[in-house]
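Trainee: I have a model open and would like to learn how to read its features. Where do we start?

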Amino acid sequence: MGAIAKIILQRLGLGLLTLLIVSIVIFTAVNMLPGDFAQLILGQGATPEAIASIREDLGLDRSPIVRYFEWLGGAVRGDLGSSFAQANFASFAGADTGSGLSSVAGQIAPRFANTMFLAGVTACIAVPLAVGLGILAALYRNSIFDRIANIFTLSSISSPEFFLAYILILFLAVLNPILPSLSNIYDGMAFSERLEKTLLPALTLTLVVTAHMMRMTRAAIINLLASPYIEMARLKGLSPMRVIVKHALPNALAPIINVIALNLAFLVTGVVVVEVVFVYPGIGQLFVDSVKIRDIPVVQACCLIFAAVYILLNLTADILSIISNPRLRHPK
Amino acid sequence: MSWWMWIIAALVVIAVVAYAVRWVGQKATGNTPFFRDMPFGVAYGYVAGVLLLYWIVTTYIGAKLSDDPIVLNKYFFFVVVIEGLIVFAAAAWVFRFLGRLVGTVGTRKLFRSMPLTASFGILTILIYAFAAIFAGWLAPYGQEAILQGVAANIVPGGNPAMGGNPDYPLGTDQLGRDMLSRLIYGAQNTVGIAFATTCLAFFIGGTLGFLAATLGGWLDQLLSRAVDVLMAIPSLIFALLLMTIASVWAPQLGIPLTVFMVIIIAVIDSTRVYRLARAVGLNIVVMDYIEAAKLRGEGLSYLIFKEILPNAYAPLLAEFGLRFCFVFLTIASLSFLGVGIQPPLADWGTMVRDLSQFINFAAFAPSVASAPLLAAGAIALLTVAVNFVVDWMLQKSSGLKE
Amino acid sequence: MTDKLVTIRDIKIEGRSDETWNPIINGIDLELERGEVLGLIGESGAGKSTLGLAAMGFCRDGVRISGGSVEFDGIDLLTASASQKRELLGKQIAYVAQSAAASFNPAHKLMDQHTEAPTQHGVSGRADSIADGIELYEKLRLPNPDQIGFRYPHQVSGGQLQRAMTAMAMSCRPDLIIFDEPTTALDVTTQIEVLASIREIVEEYNTAAIYITHDLAVVAQMADRIKVLLKGDEVETADTRTMLSAPTQDYTKSLWAVRSFARPVKAAVSADATPIVSVKGVDAAYGTTKVLHDISFDIHEGRTVAVVGESGSGKSTAARCITGLLPPTKGVIEFDGQALPLDYRKRDKDQLRQAQMIYQMADTALNPRKTIGEIIGRPVQFYGGLTGSKKRARVEELLNEIELEPKQYIDRLPSELSGGQKQRIGIARALAAEPKFIICDEVTSALDQLVAEGILRLLARLQDELGLSYMFITHDLATVKAIADEVVVMKDGVVVEQGEKNEMFQPPHHPYTDLLLSSVPEMDPDWLTNLLKERGVDNIGDAAVGKM
């Protein structure tokens with residue numbers, strides 16, 4: 001186990017390093033803004049006193065390096081700084097700070113939970129569906145089922161998320177009123193109601209993610225079924241079921257895990273558009289709103305969170321596939 | 001909430017029917033291998049497929065024969081989808097048939113082995129290219145023309161009873177610009193900008209990728225690590241972040257935001273191109289013919305342009321298709337979110353957002369509701385078409401290796 | 001009807017490519033008695049593996065049996081149901097694949113894979129089959145038979161895996177085993193051990209076998225009867241000894257004749273002649289792993305030096321050092337008495353021109369997007385400065401030199417050529433530089449025997465005409481015997497022995513050279529038996545033999 005532990009530690013270290021560099025990239029990008037934040041917040045007509053007050057409040061009079069470490073230190077502790085937006089997000093905000101700026105963390109936390117709920121529901125539907133269909137398509141490759149599945153998945157991969165969303169709204173909400181088309185979720189909602197309201201955005205994401213995942217699973221399994229040891233298992237006269245379960249599956253685990261993690265990471269990006277379409281109060285919508293009103297601290301924080309989740313999922317895929325590789329698990 | 005119980009019941013019924021069909025098939029055909037070796041799952045699939053087909057056909061016929069406006073409205077989109085599929089399939093078939101008759105020996109051979117999806121894809125791409133190039137002739141009005149004496153906010157559908165106008169089948173926007181013209185110009189803008197962006201991304205990523213593959217060493221290390229970091233940030237998120245910053249810079253520098261968008265997306269996307277170009281390049285660089293050329297004393301430019309590039313065209317072309325789709329969708333998404341292609345340029349993503357509320361009219365005025373779907377569908381159709389062609393190309397090239 | 005174990009009648013098999021079905025086997029009959037070993041030989045593309053699998057009623061994806069019948073033990077395999085066939089496979093018919101490393105499932109221990117067939121077919125319980133497995137491992141002379149089964153495939157070496165796979169095939173004591181090139185991927189010294197153990201165990205259990213190989217000498221040791229295939233047709237079938245001594249068909253005779261190609265012995269070089277290439281005390285390393293240790297040898301004008309060794313011996317690395325692709329960490333490379341810069345990038349155009357290289361895989365050695373004319377024309381233009389019609393004339397001259405009709409080939413792409421023709425283009429490209437010295441890296445090992453012989457003859461003729469010197473890297477001692485003037489034997493990055501060919505093939509040898517030489521199978525059907533008798537006591541695991 002020594003060797004494998006070493007590899008995993010290496011990967012973890014690498015992931016952490018990547019995250020660190022990503023945070024530098026994000027911070028630098030934001031600091032490339034012309035003028036200064038205070039001006040940006042208050043607009044052209046602001047009094048010099050007000051600007052000075054905000055500057056002090058944000059610590060803009062210090063060097064960028066100091067501010068980076070303060071921002072990073074705060075982010076690690078869960079303090080993401082103050083939002084520029086004042087009145088319009090006040091209802092979401094937690095504690096207000098001195099100059100009327102609301103805390104970014106307070107805005108993000110509840111929305112992040114909502115987004116995780118949406119992603120969780122999507123994953124629960126998409127993962128078993130995609131892996132199952134992918135295996136079926138691989139087993140019956142070049143059959144009618146496989147060809148139709150190929151056309152469907154290709155189409156759904158190529159369609160923009162908002163197109164799929166509107167199609168689903170059209171058929172499942174407007175023409176056949178089965179599900180609500182708006183996902184106005186609030187705290188203290190009953191779970192079943194929450195689930196019902198989340199279902200349509202979740203289904204939209206499922207369409208996209210399932211298509212990707214299914215194609216990748218299919219490719220991985222076909223690749224595997226072509227290996228000589230599968231032929232050997234067949235030539236031993238084993239039942240098709242046993243060939244799959246005993247010989248294909250243990251080796252398919254690594255690629256399938258990889259596919260799942262990669263697609264969950266993909267979900268992180270997909271969530272933005274879908275949340276906007278369904279007015280789902282998640283972090284994606286907050287991000288887009290903040291982009292529009294140039295609420296830089298929130299944009300910066302959301303970006304960091306998205307990147308962290310993305311890196312974490314890719315790291316998980318990496319580590320799980322190392323663990324499931326018999327060559328690494330049983331070194332010579 | 002009993003629809004899911006219906007689904008379970010239907011699944012059980014299908015299972016029973018499937019079992020029966022297989023049993024009857026075995027008895028009736030004297031145990032031919034087709035039925036004898038048929039797994040239950042396959043029988044299940046057949047029965048479910050047949051039932052689905054039956055439902056589609058009966059619903060379609062029912063909708064066509066009915067004259068009840070409620071039924072007509074309800075199945076309007078269903079009928080459109082079915083008929084659209086049939087028309088597209090027929091057009092693709094005719095196109096392929098013509099392709100097999102005319103052209104050089106090479107292209108005719110190509111058309112002979114072409115699946116219907118690919119010929120559909122090629123045909124669609126050609127139509128889009130036509131629309132994009134000749135948008136100025138095709139569109140009844142200019143994309144920025146604010147029509148004098150025409151009301152703003154005419155509802156799409158051309159039905160005066162609903163607030164439409166037959167002269168403007170897709171209605172007008174809040175400034176009184178003709179939406180149909182804007183849809184046609186959208187082909188020029190959205191597709192053109194996406195194409196330019198992809199080309200830029202390929203230029204940056206391809207050049208650096210091949211350099212890294214050929215030279216190796218510290219340059220390769222530096223570029224690859226940088227790309228690793230950039231790829232660790234989800235691309236849409238990164239694009240949104242950079243667009244925020246660019247939106248502050250753009251008015252100060254007097255450069256349109258759209259230019260920034262092209263550069264930002266091209267740079268983000270060039271990381272993916274870099275990865276592929278480097279991988280393809282590395283595969284070629286280890287070939288003995290490259291070693292032979294190196295040992296002959298050939299220079300770097302000969303190696304890249306004469307030995308490596310000619311062998312990289314096929315995978316790069318396929319990747320170009322995929323990258324184009326990705327860029328196209330990213331731009332559409334950004335525009336949909338309101339930070340992409342900026343007015344007054346007409347663009348499909350923006351149109352979808354602006355028209356989206358009409359979708360709620362679907363139950364009683366389907367033609368009105370179809371407006372946002374038309375713009376979104378225009379985006380989807382092109383990416384689907386490109387993907388079909390790329391899929392065929394990839395299958396062909398992987399088939400050749402066997 | 002008869003007591004034949006396998007009866008194949010007029011079988012036709014097709015494979016799918018380019019959307020059409022093309023014939024692979026065009027109607028072959030095959031019969032096998034119980035306990036008989038039939039050798040199937042043929043060149044690549046002869047359809048021998050396909051036929052072997054068809055004897056199990058099995059087709060790979062994209063292959064179908066389009067006619068004829070296959071009967072095993074009275075059961076028609078082509079009409080039998082899937083479950084009926086499964087009942088036979090593994091239990092009565094077993095298969096040993098070419099690459100054991102790829103054919104063992106990496107996720108399970110050897111023993112778990114070994115016991116699978118007996119437990120699944122209900123032949124014996126798990127405990128019994130484990131005990132039986134250990135016994136089989138012992139008989140096949142695997143080291144540590146008690147423990148080796150509890151390892152994962154990647155923890156066991158190639159030769160051992162191949163024997164473990166034979167044991168696995170034996171696990172149900174089948175009536176028939178199909179051996180599909182079981183020793184092709186192995187080094188000669190390992191091959192002997194595997195051949196010996198396969199033959200012994202097949203004899204002991206009186207198992208019938210179909211032994212598929214392209215190597216005549218191997219099949220001579222293993223088979224009772226030999227069937228020769230050519231492009232999906234049967235050429236002839238006969239008892240092994242008859243087939244070896246008196247083949248009736250021209251094709252078979254030509255196969256046999258390949259082995260007789262040999263060059264006249266050249267006079268030894270005088271001691272004071274300056275060698276064309278001289279390698280002096282060279283060390284080389286990949287990163288921190290040292291792969292060459294103090295290598296020295298000379299190559300004189302007009303002579304061929306064969307560098308022989310098994311995989312991993314460092315023979316190709318030595319070539320990379322000479323060309324400058326892998327600069328040595330120590331030592332000197334001299335060309336015509338002048339020390340060459342160690343890195344090829346520091347050599348001038350003329351130094352690069354003088355030493356050319358021909359590669360093993362002609363497929364990867366020729367740019368698939370360039371025509372033959374461009375491939376050969378480039379060095380003509382690059383070194384000779386010829387362009388236009390002069391360049392074309394020179395290219396045509398070179399094509400004539402390698403015995404290919406210029407008009408017919410000059411505008412073709414490499415993919416339109418056969419393997420042997422591609423290799424000739426590689427030779428022409430090297431000649432185009434008008435070198436003094438050519439490195440031939442395993443140039444014949446990817447080719448069929450007849451084609452390989454053609455290449456060897458061509459190289460020999462060019463040497464005589466142009467006074468070229470060759471460094472001939474190979475693992476095949478038959479090739480060495482045919483073409484070399486001097487031999488350098490390498491093992492683990494060290495030169496074990498070197499000298500004139502005639503001296504080298506005469507005893508006394510260095511022990512490793514001896515092992516290498518004696519391991520090369522010969523056409524004599526008694527060769528393996530005699531060799532084992534010779535080595536018997538001291539070399540091959542006597543412990544197992546003693547217990548029997």
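Mentor: We go through the chains, then their contacts, then a few local details.

Mentor: This is a predicted model, in which local features need pLDDT of at least 70 and side-chain atom pairs count only at pLDDT 80 or more, while totals for chains, interfaces and linings use all residues. Residues are numbered from 1 along each chain as its sequence is written, and chains are lettered from A and ligands numbered from 1 in the order in which they are written.

Trainee: What secondary structure does chain A have?

Mentor: Helices (H or I, at least four residues) and strands (E, at least two) are DSSP runs, numbered from the N terminus. On that count chain A has 13 helices and zero strands. Chain C comes to 25 helices and 20 strands.

Trainee: How is the radius of gyration of chain C read?

Mentor: The radius of gyration is taken over C-alpha atoms, and the globule rule is 2.2 Å times the number of residues to the power 0.38. For 548 residues a compact globule would have a value near 24 Å, and the 26 Å of chain C agrees with that. Along the principal axes, the C-alpha atoms of chain C fill a box of roughly 75 × 55 × 45 Å.

Trainee: What share of the residues in chain C is buried?

Mentor: A residue is buried if 20 or more other C-beta atoms lie within 10 Å of its own, exposed if 12 or fewer, and partly exposed in between, with C-beta atoms placed from the backbone. In chain C, buried residues make up 46% of the 548. In chain A, 44% of the 332 residues count as buried.

Trainee: How many residues of chain B are in contact with chain A?

Mentor: Two residues are in contact if their C-beta atoms, placed from the backbone, lie within 7 Å. By that rule 48 residues of chain B meet 42 residues of chain A. H10(B) gives the largest share of the chain B side, 13 residues. By class, that side has 32 nonpolar, 13 polar and three charged residues. Here Ala, Val, Leu, Ile, Met, Phe, Trp, Tyr, Cys and Pro count as nonpolar, Asp, Glu, Lys and Arg as charged, and the others, Gly among them, as polar.

Trainee: How are packed helices described?

Mentor: Two packed helices are described by the angle between their axes and the distance between the axes. Axes are lines fitted to C-alpha atoms, for helices over the stretch in contact, and angles run from 0 to 180 degrees between N-to-C directions. Helix H4 (residues 69–101) and helix H5 (residues 105–112), both of chain B, pack at about 145 degrees, with axes 7 Å apart. H4(B) contributes B:Arg96, B:Gly99 and B:Arg100, and H5(B) contributes B:Thr107, B:Arg108, B:Phe111 and B:Arg112. The classes in this contact are one nonpolar, two polar and four charged residues.

Trainee: Is B:Met351 buried or exposed?

Mentor: B:Met351 is buried, because 26 other C-beta atoms lie within 10 Å. B:Met351 sits in helix H14 (residues 348–355) of chain B. Leaving aside residues up to four places away in sequence, B:Met351 touches B:Arg182, B:Leu183, B:Gly186 and B:Ala375. B:Ala375 is 24 residues from B:Met351 in sequence, yet the two are 6.6 Å apart in space, C-alpha to C-alpha.
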